[in-house]
Amino acid sequence: MIQRFETGKRMSRVVTHNGVAYLAGLTADDLAEDIAGQTRQVLAKTEARLASAGTDKSRLLSATIWLRHINDFDPMNRVWEEWIDPANPPTRATAECRLADDDILIEVIFTAAC
């Protein structure tokens, strides 16, 4: 069974199917923050989206991280390492790319087991 959460005309924020939750790309709401602040916001939103699908960060399967500036890799990782469940880290890829708004410093897509 497919379930969709926070569905709009363009996309769903979360879709679950066969025990897997797929989260749409998450960005910060307060774009005045630096990379650490934006990363914290994204991870807080992630927890809320995972909860809506009946799961949590200990069940993450994968993360794809896009950074506006690859020089933000280390400060982003400091926040990530405070947040991630060290017993259950997901697979992960990180790349530098142009994002939808010049003030967006990070966007992350997650998948998790339900």
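**A buried tryptophan and the fold around it**

W80 is buried, with a relative accessible area of 7%; the term buried stands for under 20% relative accessible area, exposed for over 50%, and partly exposed for the range in between (1.4 Å probe, protein chains only). This is a predicted model, in which local features need pLDDT of at least 70 and side-chain atom pairs count only at pLDDT 80 or more, while totals for chains, interfaces and linings use all residues. Residues are numbered from 1 along each chain as its sequence is written, and side-chain values use heavy atoms, with hydrogens and water left out.

The overall layout comes next. The protein has 2 helices and 6 strands, where helices (H or I, at least four residues) and strands (E, at least two) are DSSP runs numbered from the N terminus. Read from the N terminus on, the order of elements is β-β-β-α-β-α-β-β. The radius of gyration is 14 Å, close to the 13 Å that the globule rule gives for 114 residues, so the protein is as compact as a globular protein of that length. That radius is taken over C-alpha atoms, and the globule rule is 2.2 Å times the number of residues to the power 0.38. Along its principal axes, the C-alpha trace spans about 40 × 35 × 20 Å. Of the 114 residues, 40% are buried. A contact is a case of heavy atoms within 4.5 Å; among contacts between residues at least 6 apart in sequence, 69% join residues at least 24 apart.

The strands can be followed through their pairings, for which DSSP must find at least two bridges between two strands. Strand 6 (residues 106-113) has 6 of its 8 residues buried, so it is largely enclosed by the rest of the structure.

Strand 4 has another pairing, with strand 5 (residues 91-96), in the parallel sense over 6 bridges. In strand 5, E96 is the bridge partner of L67. Strand 4, helix 2 and strand 5 together make a right-handed β-α-β unit. A crossover is called right-handed if, with the strands pointing away from the viewer, the path from the first strand over the helix to the second runs clockwise.

Back to W80 and its aromatic partners. Rings of Phe, Tyr and Trp (its six-membered ring) pair if their centres lie within 6.5 Å; planes under 30 degrees apart count as stacked, over 60 as edge-to-face and the rest as tilted. By this rule there are 3 aromatic pairs. In one of them, the rings of W80 and F110 have centres 6.1 Å apart and planes at 0 degrees, so the pair is stacked. W80 lies in helix 2 (residues 73-83) and F110 in strand 6, so the pair ties together parts that are 30 residues apart in sequence. F110 counts as buried, at 1% relative accessibility. The rings of W83 and F110 also have their centres 6.1 Å apart, but their planes are at 55 degrees, so this pair is tilted. With W83 in helix 2 and F110 in strand 6, the pair ties together parts that are 27 residues apart in sequence. W83 and F110 are both buried. W80, W83 and F110 form one aromatic cluster.

Which residues does T46 contact, leaving aside its neighbours within four places in sequence? They are L23, L26, W83 and F110. T46 itself is in helix 1 (residues 35-52), and it is buried, with a relative accessible area of 0%.

Two backbone details remain. Most residues other than glycine have a negative phi. E6, in strand 1 (residues 2-7), has a positive phi near 50 degrees, and it counts as partly exposed at 47% relative accessibility. N18 is in the loop between strand 2 (12-17) and strand 3 (20-23). The phi of N18 is likewise positive, near 50 degrees, and at 62% relative accessibility N18 counts as exposed.
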